[in-house]
Amino acid sequence: MLDRTLAGTLAAIRPLDDEAIAAARALQARLTKPPGSLGVLEILAVRLAGLAGTCPPPVPEPAALAIFAGDHGVHAQGVTPWPQEVTAQMVANFLAGGAVVNAFARQCGAGVTVVDVGVKSPLDPAEGLELRKVRAGTRDLSVEPAMTREEALQAIEVGIDIAQQLVDGGAKILLTGDMGIANTTPSAALIAAFTHADPASVTGLGTGIDSETHARKVAVVTSAVVGLHAEDPVDVLAAVGGLEHAALVGYILRAAALRVPVLIDGVIAASAALAAAALAPACTAAMVAGHRSAEPGASVALGYLELEPLVDLGLRLGEGTGAVLALPIVASAVRVLHEVATFDSAGVAHK
């Protein structure tokens with residue numbers, strides 16, 4: 001069993017397997033279709049073979065979505081019109097199966113686990129809920145570090161443990177989800193910090209804000225990043241991230257260590273992916289960008305990570321919705337290698 005600590009997880013992350021990549025490319029060339037005719041699906045299938053170290057790679061079923069939930073002290077700065085209580089209310093909605101992501105997950109058969117890593121309100125035990133609260137919301141990142149380094153590390157290890165638990169339970173692909181009112185503000189700060197992009201260019205409208213609120217949000221992000229001089233990715237995460245961001249970092253890293261693909265959702269997950277890649281550059285091999293969020297920071301983050309999103313539908317909901325929508329595309333890319341006949345086996349003339 002791999003060491004489940006952050007250090008053990010980082011040590012287990014390896015580059016893609018060259019032999020499996022070569023075998024997948026050779027198999028793609030023999031399938032009954034023109035070479036390259038499936039575009040990015042062929043590239044994805046080859047990469048997943050390299051991740052798994054075998055060709056064809058495992059079909060990514062069953063799928064498991066983890067929705068990490070946390071609250072944010074920066075909410076006090078008026079960066080969103082939504083009350084903080086909505087975080088806990090939406091957790092209850094996820095558990096009742098009434099959110100958009102639940103409908104999408106039922107459609108494609110993905111399991112849903114909700115993780116309280118930092119919800120301000122106390123939550124009662126419930127089926128499908130993991131109570132892993134590190135603290136009741138972060139501090140206000142515009143005033144002080146959002147987390148201590150120890151809290152950030154603890155939240156990272158929550159994500160590591162959840163990923164391990166889901167894979168041990170049979171999951172062949174992990175999907176990222178999040179819930180936290182005001183969490184696009186720390187996401188923008190993380191993206192600006194890790195990519196050195198202009199804070200104004202990566203700070204979007206979140207759940208829908210007016211121009212005055214957006215200007216306030218940009219000012220908060222700009223101030224937080226300008227004063228940030230941390231060199232260690234964990235320190236950056238602690239300074240301006242959220243507890244759900246930190247948990248997503250651990251979740252992504254553990255997926256990479258276990259050589260299981262992880263489908264990245266929107267701007268929150270993309271900002272966490274930047275922190276994960278800063279800790280272990282090779283972990284990007286396990287990442288699949290589910291969609292291009294309408295949040296501007298998401299495109300900046302994905303571009304920095306050199307990840308091409310599978311769908312672009314103008315989504316900005318979060319929850320894991322874009323990742324779940326992209327899941328059948330990932331499964332289809334892999335099924336091609338498992339199920340499509342070769343020219344020789346089908347008796348089809350080759351070019």
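Ala, Val, Leu, Ile, Met, Phe, Trp, Tyr, Cys and Pro count here as nonpolar, Asp, Glu, Lys and Arg as charged, and the others, Gly among them, as polar. The legends below use these classes. The model shown is predicted.

**Figure 1**
The largest pocket holds about 470 Å³. Its lining counts 29 residues. Nearest the centre of the largest pocket lie M179, N183, T207, R316 and L317. Four elements each supply at least two lining residues: α4 (86–96), β4 (173–179), α7 (184–195) and α12 (267–279). Sorted by class, the lining has 13 nonpolar, 11 polar and five charged residues.

**Figure 1**
The most comes from α3, with four residues. By class, the lining of the second largest pocket splits into 10 nonpolar, one polar and three charged residues.

How many cavities of 30 Å³ or more are counted? The count is one. The largest cavity contains about 30 Å³ of space. Its lining is made by I13, R14, L51, A256, R259, A282, C283, A285 and A286. Seven of these lining residues are nonpolar, none is polar and two are charged.

**Figure 2. E319, a buried residue with a UniProt annotation.**
An unreviewed UniProt entry lists E319 under "active site". E319 sits in the loop between α13 (296–305) and α14 (321–339). Is E319 buried or exposed? Its relative accessibility is 5%, so E319 counts as buried, the cut-off being under 20%. Beyond its neighbours within four places in sequence, E319 is in contact with L65, I67, M90, F94, A99, V100, V101, G177, D178 and D265. With V101 there is also a polar approach: a polar atom of the E319 side chain lies 3.2 Å from the backbone nitrogen of V101. The backbone of E319 has a positive phi of about 70°, although E319 is not a glycine.

**Figure 3. E306, in the loop between α13 and α14.**
E306 is found in the loop between α13 and α14. Its phi is positive, about 60°, and E306 is not a glycine. Is E306 buried or exposed? Its relative accessible area is 73%, so E306 is exposed, the cut-off being over 50%.

**Figure 4. Helix α10, mostly covered.**
Helix α10 spans residues 233–240. How many of its eight residues are buried? Seven are. They are P233, V234, V236, L237, A238, A239 and V240. Which helices do these buried residues pack against? The partners are α6 (149–168), α7, α9 (211–226), α11 (243–257) and α12. The N-terminal end of α10 is capped by D232. A side-chain oxygen of D232 lies 2.7 Å from the backbone nitrogen of V234.

**Figure 5. H72 and its contacts.**
H72 lies in the loop between β1 (63–70) and α4. H72 counts as buried because its relative accessibility is 2% and the cut-off is under 20%. Which residues does H72 touch, not counting those up to four places away in sequence? They are Q84, T138, G180, I181, A182, N183, P186, G242, E244 and H245. One of them, N183, also lies nearest the centre of the largest pocket, together with M179, T207, R316 and L317.

P56 is placed in the loop between α3 and β1. P62 is found in the loop between α3 and β1 as well. A cis peptide bond joins C55 and P56, with omega about -5°. The bond from E61 to P62 is also cis, with omega near 0°. P56 is partly exposed, with a relative accessible area of 26%. Not counting residues up to four places away in sequence, P56 touches L337 and H338. From P56 to L16 the C-alpha to C-alpha distance is 14 Å, and the two are 40 residues apart in sequence.

Terms used:
Residues are numbered from 1 along each chain as its sequence is written. This is a predicted model: local features need pLDDT of at least 70, side-chain atom pairs count only at pLDDT 80 or more; totals for chains, interfaces and linings use all residues. Side-chain values use heavy atoms; hydrogens and water are left out. On a 1 Å grid over the protein atoms alone, a cavity is a set of points where a 1.4 Å probe fits but cannot get out, and a pocket is an open set with protein on both sides within 12 Å along at least five of seven lines; lining residues have an atom within 4 Å of a point. Grid points are joined across faces, edges and corners, and a volume is the space filled by probe spheres set on the points. UniProt positions are given in the numbering used here, feature names are shortened, and annotations may be inferred rather than shown by experiment. Buried means under 20% relative accessible area, exposed over 50%, partly exposed in between (1.4 Å probe, protein chains only). Contact means heavy atoms within 4.5 Å. A polar contact is a pair of N or O atoms within 3.5 Å; within protein, one must be able to donate a hydrogen and the other to accept it, and residues adjacent in sequence count only if both atoms are side-chain atoms.
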